[in-house]
Amino acid sequence: MFSSLAGRSVIVTGGSKGIGKGIAKAFANEGANVTIVARSGAEVAKTAADLDQECLGKVRACSADVGQEADVARMVENAVDAFGGIDVLCANAGVFPQKKIVDMAVADWDRVLATNLRSTFLCVKAAMPHLQKCGRGRVIVTSSITGPVTGYPGWSHYAASKAGQLGFVRTAAIELAPMGITINAIQPGNIMSDGLADLSDAYLKTMAASIPLKRLGVAKDIAAAALFFAAEEAAYITGQALVVDGGQTLPETLEAIDA
Ligand code: NAP
């Protein structure tokens, strides 16, 4: 049994849907007060209102683009104003448009890197003084298996951003340690989320068949890992990455699964 997270102030970027919404709900169910962040004002407001109703902790919305420094500063201000500080930052927002290198414009590359990687740096830098102040600050970054472990055509920019996050985490862990802040990453496999809605049924079925545990993940699977990294009991873990993928990256060949 882990110590309570009740009353902690938690920021979850990309918290309006998918994995981020699952993370926000898990923290709020533990009695934490959560600021969820996304660009779409209406959607993030509705998700916050819903979670605020159904969960133990308070949930507030902030409409911001995590790739923009001024927006990130406002996001941090909002969380501090609402809940008196910041204990946990979940840098989760991300985009994964698919485009092969041959068709990729510099703007496509820059947009993905800004949303997925520059945002990680911006959010950590802006939240750092508050995470230090609370004396037990936690940063939890949503990376991926795509990039650090695997590759897939059309996702070279995405893969680079997700591998980049892990590089950032390892050095940030050393810099943040004297401030009493830990930083760790979660590497989800294929998780059913709104972001995967465009993928065909055939692709999703093939994916599930190629996973030793025979199903795609759900947001709750990732949220459980986030709660663990935020727990008092994880205080001595920093700079690490946890793969949560149902064993997807383990088989040497597809034949290995049903051998
Ligand atoms: P999703 O369902 O598409 O949700 C993405 C969230 O991020 C939304 O709340 C979105 O809201 C927000 N967002 C996107 N760009 C943003 C920006 N510039 N500023 C602020 N918020 C922004 O995606 P997901 O599947 O839950 O993915 C969440 C994270 O998990 C991502 O980092 C992704 O790379 C990672 N991941 C996902 C999977 C998977 O299988 N689903 C696997 C590995 C890793 P707005 O669009 O309104 O801004």
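The second largest pocket is lined by F121, V124, K125, M128, F168, T171, A172, E175, L176 and M179. A pocket here is an open set of points on a 1 Å grid over the protein atoms alone, with protein on both sides within 12 Å along at least five of seven lines, and lining residues have an atom within 4 Å of a point. This is a predicted model, in which local features need pLDDT of at least 70, side-chain atom pairs count only at pLDDT 80 or more, and totals for chains, interfaces and linings use all residues. Residues are numbered from 1 along each chain as its sequence is written, and side-chain values use heavy atoms, with hydrogens and water left out.

Helix α5 gives the most to the lining of the second largest pocket, with five residues; helices are DSSP runs (H or I, at least four residues), numbered from the N terminus.

The space taken by the ligand, in turn, is the largest pocket. Of the 47 residues that line the largest pocket, those closest to its centre are G94, V95, F96, S193 and G195.

Turning to the ligand itself, 31 residues surround it, the closest being S16, R39, Y158, I191 and S193; a residue counts as near if one of its heavy atoms lies within 4 Å. Both α1 (18–29) and α5 (156–176) supply at least two residues each to this shell.

Which atom of S16 lies 2.7 Å from an oxygen atom of the ligand? It is a polar side-chain atom of S16. For G14, a backbone N or O atom lies 3.3 Å from a ligand oxygen, while a backbone N or O atom of V66 lies 3.0 Å from a ligand nitrogen.

Conventions. A polar contact is a pair of N or O atoms within 3.5 Å; within protein, one must be able to donate a hydrogen and the other to accept it, and residues adjacent in sequence count only if both atoms are side-chain atoms. On a 1 Å grid over the protein atoms alone, a cavity is a set of points where a 1.4 Å probe fits but cannot get out, and a pocket is an open set with protein on both sides within 12 Å along at least five of seven lines; lining residues have an atom within 4 Å of a point. A molecule sits in a cavity or pocket if more than half of its atoms lie within 2 Å of its grid points.
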